[in-house]
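Hi,

Here is the structure I promised to pass on. Have a look at it first, and then read on for what I found.

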Amino acid sequence: MTLTLENRSRNKESSLTQALRQIQQLNSKIQELEQQHQDYVQKQQNLIAAIAEICVSPMQEIQALRILIYRGEAACRQYLRSVLVKHRKDS
């Protein structure tokens with residue numbers, strides 16, 4: 001009888017320890033994802049600032065934002081480089 005109660009107690013403790021470990025792992029993953037999200041938001045804000053600085057016409061800005069939204073950051077940066085090259089050629 002005492003052995004059964006001790007086993008149950010150990011099993012409960014083991015389950016609680018396991019649950020606590022899983023909670024800690026989830027919390028770590030949440031923190032990691034939050035950091036990645038903050039990094040992403042910062043990159044987007046920097047890119048939007050670059051769009052405003054590089055593009056000389058509202059149409060170029062709209063095009064850059066469309067590219068950012070539909071094709072992503074790399075394509076938008078490529079477009080901005082092409083706009084810069086065009087500015088240099090026109091100068």
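Four residues of helix 2 are buried: Gln60, Ala64, Ile67 and Leu68. If you look down the axis of helix 2, these buried residues fall within an arc of 100°, so they line one face of the helix. The spacing makes sense once you know one thing about helices. An α-helix has 3.6 residues a turn, so residues three or four places apart point the same way.

Keep in mind that this is a predicted model, so everything here is computed from it.

Now, what sits on the other side? The face of helix 2 turned away from its buried side carries Pro58, Met59, Ile69 and Tyr70, which are exposed. Take Tyr70 as an example: its relative accessibility is 69%, and it counts as exposed because the cut-off for that is over 50%. Ile62, also in helix 2, has a relative accessibility of 38%, so it counts as partly exposed. While you have Ile62 on screen, find Ile51 too: the two are eleven residues apart along the chain, and their C-alpha atoms are separated by 9.3 Å.

Tyr70 and Ile69 turn up again in a nonpolar surface patch of about 460 Å², together with Ile48 and Leu65. Which element gives the largest share of the nonpolar patch? That would be helix 2 (residues 58-71), with three residues.

Finally, here's the chain as a whole. Of its 91 residues, 15% count as buried. The accessible surface comes to about 7700 Å², and carbon and sulfur atoms make up 54% of that. As for contacts with a separation of 6 or more, 49% of them are between residues 24 or more positions apart.

I'd start by colouring the buried residues of helix 2, Gln60, Ala64, Ile67 and Leu68, and then turning the view to the exposed ones, including Met59 and Tyr70.

Cheers

Notes
Residues numbered from 1 in each chain as written. Predicted model: local features only at pLDDT ≥ 70, side-chain atom pairs only at ≥ 80, totals over all residues. Heavy atoms only, no water. Buried < 20%, exposed > 50% of the residue type's maximum accessible area, 1.4 Å probe, protein only. Contact = heavy atoms within 4.5 Å. Areas by Shrake-Rupley, 256 points an atom, 1.4 Å probe, with all protein chains shown as cover. Patch = residues over 30% accessible without salt bridge, like charges linked within 9 Å, V, L, I, M, F, W, Y side chains within 5 Å. Salt bridge = Lys/Arg side-chain N within 4 Å of Asp/Glu carboxyl O. Helix = DSSP H or I, 4+ residues; strand = E, 2+ residues; numbered from the N terminus. Arc of directions from axis to C-beta.
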